[in-house]
Amino acid sequence: MAATKMHNANMLQDVMQQSGVGFGTSGARGLVTAMTDDVCAAYTQAFIQTLKQSFNFKQVAVAIDLRPSSPKIANACANMLKQLGLEVIFCGAIPTPALALFAQTSQIPGIMVTGSHIPFDRNGLKFYRPDGEISKADESAMLAAELQAFAGVSSALPAENSAPRNAYMQRYKDLLGEGALAGQKLAVYQHSSVGRDLLPQLFTELGAEVICLARSDTFVPIDTEAVSAEDMQKGLDWASEYQVDAIISTDGDGDRPLMSDEKGQWLRGDIVGLLTAQALNITYLAVPVSCNTAIEASGAFKHVMRTRIGSPYVIAGMETLQKNGASSVAGFEANGGFLLGSSVPAYPTLAPLPTRDAVLPVVCLLAQAKRQNQPLSALVAVLPQRYTASDRLQNFATKKSKALIESWSSSAQTMLQALNLDETVRDVDTTDGLRVTCISGHIIHLRPSGNAPELRCYVESDSATLSQALVNKVLKQLAYL
């Protein structure tokens, strides 16, 4: 969209409607062609205006992922910040949680340019207050912010500041201690993850032997909730060829882990989160409704709060738990991103970081496996045996997804019939989308993606094979509707 079309936009709400760039599950997302300099400047200005009502600051941290469009978008954000009289600290290409940690520690705002796992023709912006992620209330305030014209001042991004990257790695070296992963052999699936160089360096400095695999010069949209058949086979092949203890990767912006066991089987993100919470002796959890019910069945936690899907809702859940007196609080999502809401008595050096993080769960599980002298598969084997599979229909209009779910919410049995499933409804949960528990124990959960025109399907059962077969069947039926 041409910059001139933004001149009549008095509020961010107007910019959103004109450009199609809007808030999703986590941050603002849109087509790269729609994320013009004016649009990015408008979002940046609204963010700063909203924060100035509660915080005093003179600097803002900016970081990027490795998408081809990210440097240009970061430059537009930085130029708007300069127009507002703020100093830009450019953190370079680092994981989103590394930026969040730096912003939190420095008590300044942060802007991460990333589209996370969605295809490279889209991108986005994630915003961080000095005390953590922006909330849905902050998003509403941003949409109502009155905007001044963007002068279009053009200057290069400042030189990269390496302190945020180094501090992020030091966090985990302090947590585990020197040589904590000595004797382990790890493979890092690098692809186009922004953490593809940071992870091998960190694991090496913790004592592990590291093999780097499949580095890509083009952007690869890894979705940790919907691992492709190709990547599933890669995991099996690499484990067999290299005889590693685990294969490690992340999504594009490094806040969602993708981790395999020694057999090359990719672990579900919510299982990784469950094991991490146990390893850290977490007692209170906030997790989205889509997460595996093995969490409650494990009996490891005093209370588990179920929320809508998206880190803002998990964070709000953690805050509610803490306001009610809970201690040792954390959250995680089905994608594997782990959010540490409070300090952990057993690990005094580990400060809270209430945003999705991929490194904390990975190093916790690796260290736990080493302490117990067991492979990762053995840690999983002792959990209640409930299996989740998930996938999505891409290029499925959000309007159509919402219409289907709305029509079925009043009669979930109709949904099961439409999907050609010989099941009977036992319970219905509409916390986020439509989650149907059947008398058989199978769970079918449908919801529109908050970040792209996709319809997501989650299935849980007591068989991994059956769960995957049901996902395939449901998506096949949905494609014909």
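Predicted model: local features only at pLDDT ≥ 70, side-chain atom pairs only at ≥ 80, totals over all residues.

Reader: What volume does the largest pocket have?

Author: The largest pocket has a volume of about 830 Å³. A pocket here is an open set of points on a 1 Å grid over the protein atoms alone, where a 1.4 Å probe fits, with protein on both sides within 12 Å along at least five of seven lines; lining residues have an atom within 4 Å of a point. Grid points are joined across faces, edges and corners, and the volume is the space filled by probe spheres set on the points.

Reader: And which element gives the largest share of that lining?

Author: Strand E17 does, with 5 residues, where strands are DSSP runs of E with at least two residues, helices are runs of H or I with at least four, and both are numbered from the N terminus. The lining divides into 15 nonpolar, 13 polar and 5 charged residues, with Ala, Val, Leu, Ile, Met, Phe, Trp, Tyr, Cys and Pro counted as nonpolar, Asp, Glu, Lys and Arg as charged, and the others, Gly among them, as polar.

Reader: How about the second largest pocket, what lines it?

Author: That pocket has a volume of about 680 Å³. Of its 31 lining residues, the closest to the centre are Thr 398, Lys 402, Ser 449, Gly 450 and Asn 451, and H14 supplies the largest share of the lining, 5 residues.

Reader: Now a side chain: is Gln 45 buried or exposed?

Author: Gln 45 counts as buried because its relative accessibility is 2%; buried means under 20% relative accessible area, exposed over 50%, and partly exposed in between, with a 1.4 Å probe and protein chains only. Gln 45 is found in helix H2, residues 37-51.

Reader: What does its side chain reach?

Author: The side chain of Gln 45 reaches the backbone nitrogen of Gln 148 at 2.7 Å. Leaving aside neighbours within four places in sequence, Gln 45 is in contact (heavy atoms within 4.5 Å) with Met 80, Leu 84, Glu 146, Leu 147 and Gln 148.

Reader: Last topic, how many aromatic pairs are there?

Author: The count comes to 5 aromatic pairs, meaning rings of Phe, Tyr and Trp (its six-membered ring) whose centres lie within 6.5 Å, with planes under 30 degrees apart counted as stacked, over 60 as edge-to-face and the rest as tilted. Phe 23 and Tyr 43 form an edge-to-face pair, 5.6 Å centre to centre with 80 degrees between the planes. This pair links distant parts of the chain, with Phe 23 in strand E1 and Tyr 43 in helix H2, 20 residues apart. Tyr 43 is buried, with a relative accessible area of 1%.

Definitions and conventions:
Residues numbered from 1 in each chain as written. Heavy atoms only, no water. Polar contact = N/O pair within 3.5 Å; in protein donor to acceptor, adjacent residues only side chain to side chain.
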